[in-house]
Amino acid sequence: MSYTDAFFYFFAALTVGSALVVTFSRSVIYAAFALLFTFLGVAGLYVLLQADFLAVAQIMVYVGGILILLLFGVMLTTRVTNAEITTGTVQGLPATVVVGILLGTLILLVSRATWNVQESLPDVTGTTTEIGERLLTTFLLPFEIAGILLLVAIMGAAMIARSTDKTKEAA
Amino acid sequence: MIPISHYLILSAVMFTIGCAGVLTRRNAIIIFMCIELMLNSVNLTFVAFSAYLGDSAGQIIVFFVMAVAAAEAAVGLAIVLALFRNKKSVDINDVNILKW
């Protein structure tokens, strides 16, 4: 087993293990911190797949942005009287059946199909230039739409988050 | 060399874990985290195919998925905060005023 194989299994175990903690932990804070390790594991897998730009973007966007936002959400929605932020699970049996069927189907599909791909990864010395060029040529329209989407989302989030204060002042 | 099916199965497992969380948890913020898990697993599939096919289009789509995920997290958390102000709870079973 080569080094990269060992790294793959390490990052895969990190990702799946912390994903399980996210889903089944009773504490919301523990789930949020486990999500950090899931994101880091996925970023490591991106590095193994020679997607260096995306690995950095993953850490900056997910760990630096979304996870901090989620932690703010956890902190702001905690009742002061509740010392422990816990939450249970429901509908265990139907969920197990659905999830089991889903996982079985996916694994069966993946293992049966013959993927028409290269046996070994091509040597790439960096993807940033190519991604930048394609974003501003082939994918220019989606790129601009993504910008508009982010702008609208920021304005919408600000509107929704403060709307109740306004009505309180009016009343 | 890791075959691509390893990456695909890993991503299937991650997607399933996220799906289980969305189905069983009742805390809105945990459901968010599980949706992020599912988005991440699909991103991993995109990047794996992009690398093994030698085509960077998959990585660009992952870039867009990240943008949409960031927008979704911002708007979603704003909704959760507004909900918490009105209902003093983030349990989705308490959000049933549209239920007939």
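**Entry 1: the salt bridge**

I looked up R134(A) and found that it forms a salt bridge with D55(B), the closest N and O atoms being 2.9 Å apart. By a salt bridge I mean a side-chain nitrogen of Lys or Arg within 4 Å of a carboxyl oxygen of Asp or Glu. Side chains of opposite charge can pair when their charged atoms come close. This is a predicted model, in which local features need pLDDT of at least 70 and side-chain atom pairs count only at pLDDT 80 or more, while totals for chains, interfaces and linings use all residues. Side-chain values use heavy atoms, without hydrogens and water; residues are numbered from 1 along each chain as its sequence is written, and chains are lettered from A in the order in which they are written.

I then searched the whole structure, and the search gave one salt bridge over all chains. The pair crosses between chains, from D55(B) in the loop between helix 2 (28–53) and helix 3 of chain B to R134(A) in helix 5 of chain A. Helices here are DSSP runs (H or I, at least four residues), numbered from the N terminus.

How do the two helices pack, by angle and axes? I recorded an angle of about 70 degrees, with the axes 10 Å apart; axes are lines fitted to C-alpha atoms over the stretch in contact, and angles run from 0 to 180 degrees between N-to-C directions. The helices are therefore roughly perpendicular to each other, a term for angles of 65 to 115 degrees.

**Entry 2: the whole interface**

I recorded 80 residues of chain A in contact (heavy atoms within 4.5 Å) with 70 residues of chain B. The two chains bury about 6,700 Å² between them, 78% of it on carbon and sulfur atoms. Buried area is the accessible area (1.4 Å probe) that two parts lose on being put together, summed over both.

Conventions. Parallel < 35°, antiparallel > 145°, perpendicular 65-115°, else oblique.
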